[in-house]
Amino acid sequence: MKTRLKSAVEKALQNCYAAKTLVSGELPEFAIEVPNHTDHGDFAVNVAMMLARPEKKAPRQIAQLLVEQLEQQEGMWDKIEIAGPGFVNFFLSKSCWYAVLDDIYAKGAQFGRSDVGAGRRVQVEFVSANPTGPLHIGHGRGAATGDAVASVLQEAGFDVQREYYINDAGNQMDTLGRSIFLRYCQLQGRDVEFPEDCYQGDYIRTLAQQAIDEQGDHFLQMDDVEAIAHFSTTGGEAIRSGINADLQQFGINFDNWYSEQSLYDRDLVKAGIETLTRDGYTYEQDGAIWFRTTDFGDDKDRVLVRSNGVTTYFASDVAYHREKYERGFDIVIDVWGADHHGYVPRMKAVLAALGRNTEDLQIILVQLVNLLREGEQVAMSTRSGKFVTLKEVIDEVGKDACRFFFLMRRSDSQLDFDLELAKKQSTENPVFYVQYAHARVCSINRNVQESGLSLPQPGDAEVTKLQLPEELALTRMLARYPEVVVGAALSYEPHRITFYLQELAAQFHSYYNQHRVIVDDRATSCARLYLVNAVKIVISNALNVLGVSSPDKM
RNA sequence: GCGCGAUUAGCUCAGCUGGAUAGAGCAUUGGCCUCCGAAGCCAAAGGUCGCAGGUUCGAAUCUUGCAUCGCGCACCA
């Protein structure tokens, strides 16, 4: 709808230039906006103000010339006004809004889809937690965010792949093996010390116990190094499948699991370093190989190969990202914990050194989650191994509440997750509030069907019966949905969908409480059913993008 | 010390990339069920958009400085 208006305005502008009433010939990037106030119409355009300077005319005067041109066009509008400092306000005709309802039914679950992505290939890499422990609540937020970003991009017509990067190389895997081995020894009655830098969580003991149950003291017989290597492998696999199970429960399916080790196996890490060296971005100092990231705005150069010959994590990240683009992705999105923000400049430097636009890498930083129970913060510390796992939270509050709560804030702002609130079945709980709106429509439908009537199909509802301001406002709200999706996709901000849903649900509940859907007049009932079922479709589509279900009954 | 990010109603936060009178939800106060789900709705009240300059037709939004808070600053991953 915005795009149609925009082209109408552009045409009017061209006509002004052709008629020489305007002379600058400029076509500024003007905006079509939805005004805050209904007095200001359905849409407003600010182009007259933007042209004031080049035209050396008063904005309202320019607006007048534009309006004269616009009025000659066949309009979707009833009225155009000039207002304020020089806005042109459009009051669309009702038939225009009614058409939205037909569109919603015609597209159904597809309503909200667009092709602004034009099939461009995007990879979203998220979670990517080390396979050294179960997912905790912080990973959950990253998971919900990454998955929703991916979905919203798909809705906007991008070709999206979801990827999980497994950090299965490097000494953390060794630490994991050692941790399990030491617990194993302890459980076998050996008096060994358990160092602080080992993983402290109870799950390590569980894994050790499993080894005992299955193979007894077998590992005490063999060489320590060998035993540790064994535990490193089997432990890593066990934890990884646990992570996968948690993600499944959370409704998240990755298209690809990508192993860091595989980069080494294919010599890609070496190749990445060689590319940088060939292009003159590296140097040697103190026995180490450095990447001159300061050439690209980083505040310090970074080591790729340590003086002991071991490559750094950053080196494999260079290889990994280089390889992502070789796989043909136009845009790569990394979802990280916000505590890694210091890492951003060096990753951008990688892009620049590879000769790519740094915008081709988007990094979404996800802030901390404060878990609250009865208003008190639940203490968490990864070091001590005392943390609340994602699974525990999903089991307690459910997948839907969990996902919705994670998406209730912008990802880069901290989030208080109130466990009591998430479980509450009342208006205070935003998830229930939104889902309830959906269930309510379903309930109305059941009543209709029980009384032997059928639900309206496109074409047999007399939409002109929808004359109430609340009905038109609700329809306008529905019409906005596709634009909300596009905005959320292009800005990588899935929380916009969450806010939209709360607004839509509020407007629906308000309407429901003021007016009965089923009334004596059959045609009116039919039209209202048509409207509320359109609301149902849009709520369902939007919840689906967030990975939240749309229950018929609650 | 340097860098990044925050600062909007009592609390938690939005603010559509510079637009018109800055908005929600909690919390507070007062109302609404002989009626499709009260698991809901309506109303009131609540503001120096951290402070001070700058940019322009126009700033919560962009810019500079300052203040407070958080997070980063490894030849760790």
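1. The open sheet. Three strands line up as E14-E13-E15, with mixed pairing. Strands here are DSSP runs of E of at least two residues, helices are runs of H or I of at least four, and both are numbered from the N terminus. Two strands pair if DSSP finds at least two bridges between them. E14 (376–377) and E15 (415–418) are the edge strands, each with a single partner, so one side of each has no neighbour in the sheet.

2. Inside the sheet. E13 (residues 369–373) and E14 run antiparallel and are joined by two bridges. Leu 372 stands opposite Gln 377 in E14.

3. Basis of these values. This is a predicted model, where local features need pLDDT of at least 70, side-chain atom pairs count only at pLDDT 80 or more, and totals for chains, interfaces and linings use all residues. Residues are numbered from 1 along each chain as its sequence is written, chains are lettered from A and ligands numbered from 1 in the order in which they are written, and side-chain values use heavy atoms, without hydrogens and water.

4. RNA strand B: the surroundings. A residue is near the strand if one of its heavy atoms lies within 4 Å of it. The surface splits into 21 nonpolar, 26 polar and 15 charged residues. Nonpolar covers Ala, Val, Leu, Ile, Met, Phe, Trp, Tyr, Cys and Pro; charged covers Asp, Glu, Lys and Arg; the others, Gly among them, are polar. H17 gives the most to this surface, with eight residues. On the RNA side, 61% of the atoms within 4 Å of the protein belong to sugar or phosphate, and the rest to bases.

5. RNA strand B: individual atoms. A polar side-chain atom of His 341 lies 2.9 Å from a base nitrogen. Met 554 uses its backbone: an N or O atom there lies 2.6 Å from a base nitrogen. For Asn 130, a polar side-chain atom lies 3.5 Å from a sugar or linking oxygen.

6. The cores. The largest nonpolar core has 146 residues, and Phe 90, Leu 153, Ile 333, Phe 406 and Phe 417 have the most contacts inside it. Helix H20 (residues 522–546) supplies the largest share, 15 residues. Apart from this core lies another, of 28 residues, including Tyr 320 and Trp 336. A nonpolar core is a set of buried Ala, Val, Leu, Ile, Met, Phe, Trp, Tyr and Cys residues joined through side-chain atoms within 4.5 Å; buried means under 20% relative accessible area (1.4 Å probe, protein chains only).

Methods
Buried < 20%, exposed > 50% of the residue type's maximum accessible area, 1.4 Å probe, protein only. Polar contact = N/O pair within 3.5 Å; in protein donor to acceptor, adjacent residues only side chain to side chain.
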